[in-house]
Amino acid sequence: MSDLSRRKLIVTGLAATAGAAGLGVAARLAQKYGLVPPDHGGIYGLGETLNYASERLLTRHSLAREFPESQISKPPFPNEIPPLSDAFKRLEAEGFADWRLTVDGMVERPGSFSLTQLASYPSRSQITQLACEEGWSYIAEWVGVPLSYILDVVGIRPQARYIVYFSIDPDWWDSIDMADATHPQTFLAYGLNGNELPVGNGGPLRMRLPRQLGYKNVKFITHLTVTDSMKGFGKGLGSASPEGGYAWYAGI
């Protein structure tokens, strides 16, 4: 049986099970195939599981729409950001020369990367839409290094399941699974519309996930952790936490 036929069979089974016997049984079927999101234990957990499982099976390799230059928004909308810390302001005053992205966890070669080093790696550009959960959106040309390239550099271990990424604000973090982490449109953005990424849009470094809503596109990235479990990361503004209020999977 082909992978596509198998995926269709599983999705059909999930949908039929959810309708005939309830979401609980469908969730157990999803668990059998490793399709349970980290927020499955919450109040909407069963529904989140069914949504995540169905989307993963049907759209795992789909691409977000890319636009022509003529449709770039002018200017791109910088939404409100929290007050910047003194540490951020010091780095900004020095042109972010000492900004570092550290990568640790389930990797063979933990690393620390400067912005100059990241910019020296193979780059990717895309003209895509950033869609916010608040209802606004804009189209911009983003430039950055594919996250998959960084993961190859550090050598992720086979059992890794998630990438947890942190802003310079210690309470601002989020996470994605390996399907999104290795997707060709997922990258660490350092450029916008032909210039450096402005602070208002998340500069100097932002996670860019055009297939997910804005809150997954965390600004001011300084740290990535590769892990096989979301347990133990505490409560913050990450979407997997109760305070975040958002679903862990935000596919669009």
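Mentor: Let us begin with Tyr121, which counts as buried at 15% relative accessibility; buried means under 20% relative accessible area, exposed over 50% and partly exposed in between, with a 1.4 Å probe and protein chains only. This is a predicted model, in which local features need pLDDT of at least 70, side-chain atom pairs count only at pLDDT 80 or more, and totals for chains, interfaces and linings use all residues. Residues are numbered from 1 along each chain as its sequence is written, and side-chain values use heavy atoms, with hydrogens and water left out.

Trainee: What pLDDT does the protein average?

Mentor: The average is 84, and 79% of the residues score at least 70; pLDDT is the predictor's confidence in each residue, from 0 to 100. Over residues 3-22 pLDDT stays under 50, and the model has 23 contacts beyond four places in sequence for that stretch, a contact being heavy atoms within 4.5 Å.

Trainee: Back to the rings, then. How many aromatic pairs does the whole structure have?

Mentor: A search finds 13 aromatic pairs. Phe88 is buried at a relative accessible area of 0%, and Trp99 is buried at 1%. Phe113 and Tyr121 also pair edge-to-face, at 6.3 Å centre to centre and 70° between the planes. For pairing, rings of Phe, Tyr and Trp (its six-membered ring) need centres within 6.5 Å; planes under 30 degrees apart are stacked, over 60 edge-to-face and the rest tilted.

Trainee: And which residues form the aromatic cluster?

Mentor: Phe88, Phe96, Trp99, Trp172 and Phe220 form one cluster.

Trainee: Is Phe113 buried or exposed?

Mentor: Phe113 is buried, with a relative accessible area of 4%. In strand 2, Phe113 stands opposite Leu101. Strand 1 and strand 2 (residues 111-114) pair in the antiparallel sense over four bridges, where pairing requires at least two DSSP bridges. The two strands form a hairpin with five residues between them. Helices (H or I, at least four residues) and strands (E, at least two) are DSSP runs, numbered from the N terminus.

Trainee: Which residues have the most contacts inside the largest nonpolar core?

Mentor: In that core of 35 residues, they are Leu101, Leu118, Leu188, Leu205, Ile221 and Leu224. Helix 6 supplies the largest share, four residues. Apart from it lies another core of ten residues, including Cys132 and Phe187. Such a core is a set of buried Ala, Val, Leu, Ile, Met, Phe, Trp, Tyr and Cys residues joined through side-chain atoms within 4.5 Å.

Trainee: What does Leu224 touch?

Mentor: Not counting residues up to four places away in sequence, Leu224 touches Leu101, Thr102, Val103, Asp104, Leu147, Ile163, Val164, Tyr165 and Met207.

Trainee: A change of topic: where does Gln126 lie?

Mentor: Gln126 lies in strand 3 (residues 124-131) and is buried, with a relative accessible area of 1%.

Trainee: Which polar contact joins the side chain of Gln126 to another side chain?

Mentor: One of 2.9 Å joins Gln126 to Thr128. Beyond four places in sequence, the contacts of Gln126 include Glu66, Trp142 and Arg208.

Notes. Polar contact = N/O pair within 3.5 Å; in protein donor to acceptor, adjacent residues only side chain to side chain.
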